[in-house]
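Subject: Structure handover

Hello,

Please find the structure below. My notes on it follow.

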Amino acid sequence: SAPPPSTPPAVVHFDDLEGRPSLGPKNAPVTLVEFSDFQCPFCKKVTPALEQITKNFSGKVRRVWRHYPLSFHQDAARMAEASECAHEQGKFWEYHDQLFETQAGPHDNAVLTGLAEKAGLNKKKFESCLTSGKYKEAVQKETAKGEQSGVRGTPAVFINGKLVSGAKPYEEFEKIVKAELAKT
């Protein structure tokens with residue numbers, strides 16, 4: 001008997017990206033949605049490739065961050081909440097970089113606040129935001145959205161809705177982005 005036909009990867013459409021931390025124009029022909037965890041070594045490893053894609057395809061790619069803190073990374077959810085407090089002050093990506101640089105931890109309130117200061121955030125506003133727990137539910141909702149979209153681990157990157165799972169090399173992302181751009 002003939003082998004079953006190969007099925008293309010399912011395409012997931014994200015209609016709820018408003019307000020999420022992003023780089024690149026909202027109307028870019030390629031949207032890269034990244035589900036990530038600040039304590040995941042593979043997420044840190046893939047970051048330079050994603051930064052390079054955003055740079056090399058400037059104006060053509062929009063990179064959007066979504067939280068997917070893994071349960072076995074004890075500080076990941078708290079780090080995600082802290083990054084939302086940074087996003088509130090317009091410094092998500094600066095704080096994102098600080099979190100990845102100090103990935104090994106620990107990440108108690110004092111450390112998270114110190115990183116916020118280093119990223120140029122208002123310390124009092126940041127501390128107030130972090131201790132309030134105001135983003136705890138939002139981070140949980142992000143994780144649930146990832147699960148509904150087929151995310152099973154991190155990093156999980158959707159390029160125009162097609163899932164690329166794991167810390168792939170730059171060339172793999174570039175190939176997919178070029179193929180997507182060729183369609184437009």
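In α5, the buried residues are Phe126, Cys129 and Leu130; buried means under 20% relative accessible area, exposed over 50%, and partly exposed in between, with a 1.4 Å probe and protein chains only. These three cover an arc of only 95 degrees around the axis, so they sit on the same side of α5; the arc is that of the directions from the helix axis to the C-beta atoms. Lys124 and Thr131, on the other side of α5, are exposed. The buried residues of α5 pack against α2, α3 and α4, where contact means heavy atoms within 4.5 Å.

Some conventions before the rest. This is a predicted model, in which local features need pLDDT of at least 70 and side-chain atom pairs count only at pLDDT 80 or more, while totals for chains, interfaces and linings use all residues. Residues are numbered from 1 along each chain as its sequence is written, and side-chain values use heavy atoms, with hydrogens and water left out. Helices (H or I, at least four residues) and strands (E, at least two) are DSSP runs, numbered from the N terminus.

Cysteines

A disulfide is taken as a pair of cysteine sulfur atoms within 2.5 Å, and by this rule there is one disulfide. Cys85 is joined to Cys129, with an S to S distance of 2.1 Å. Cys85 lies in helix α2 (residues 76–88) and Cys129 in helix α5 (residues 123–132), so the pair ties together parts that are 44 residues apart in sequence. The torsion about the S-S bond is about -80 degrees, which makes the disulfide left-handed. Cys85 is buried at 1% relative accessible area, and Cys129 is buried at 4%.

Cys43 is in no disulfide. Cys40 is buried, with a relative accessible area of 2%, and Cys43 is buried at 0%.

Gln103 lies in the loop between α3 (92–101) and α4 (109–118) and is buried, at 11% relative accessible area. Neighbours within four places in sequence aside, Gln103 contacts Cys40, along with Phe38, Gln39, Pro41 and Lys44.

Sheet and helices

Five strands form an open sheet of mixed pairing, in the order β1-β3-β2-β4-β5; two strands pair if DSSP finds at least two bridges between them. β1 (22–23) and β5 are the edge strands, each pairing on one side only. β2 and β4 run antiparallel and are joined by four bridges. Phe35 has Ala156, in β4, as its bridge partner.

Helix α6 (residues 136–148) packs on the sheet, touching β2 and β3, and its direction makes about 115 degrees with that of β3. Axes here are lines fitted to C-alpha atoms, for helices over the stretch in contact, and angles run from 0 to 180 degrees between N-to-C directions.

Helix α7 (residues 170–183) has 14 residues and should span 20 Å at 1.5 Å a residue; its end C-alpha atoms are 20 Å apart, which agrees. The expected span is 1.5 Å times one less than the number of residues. Tyr170, Phe173, Val177, Glu180 and Leu181 are the buried residues of α7. They cover an arc of only 100 degrees around the axis, which puts them on the same side of α7. Glu171, Lys175, Ala182 and Lys183 are exposed on the other side of α7. The buried residues of α7 pack against β2 (30–36), α1 (41–56), β3 (61–67), β4 (156–159) and β5 (162–165).

Regards
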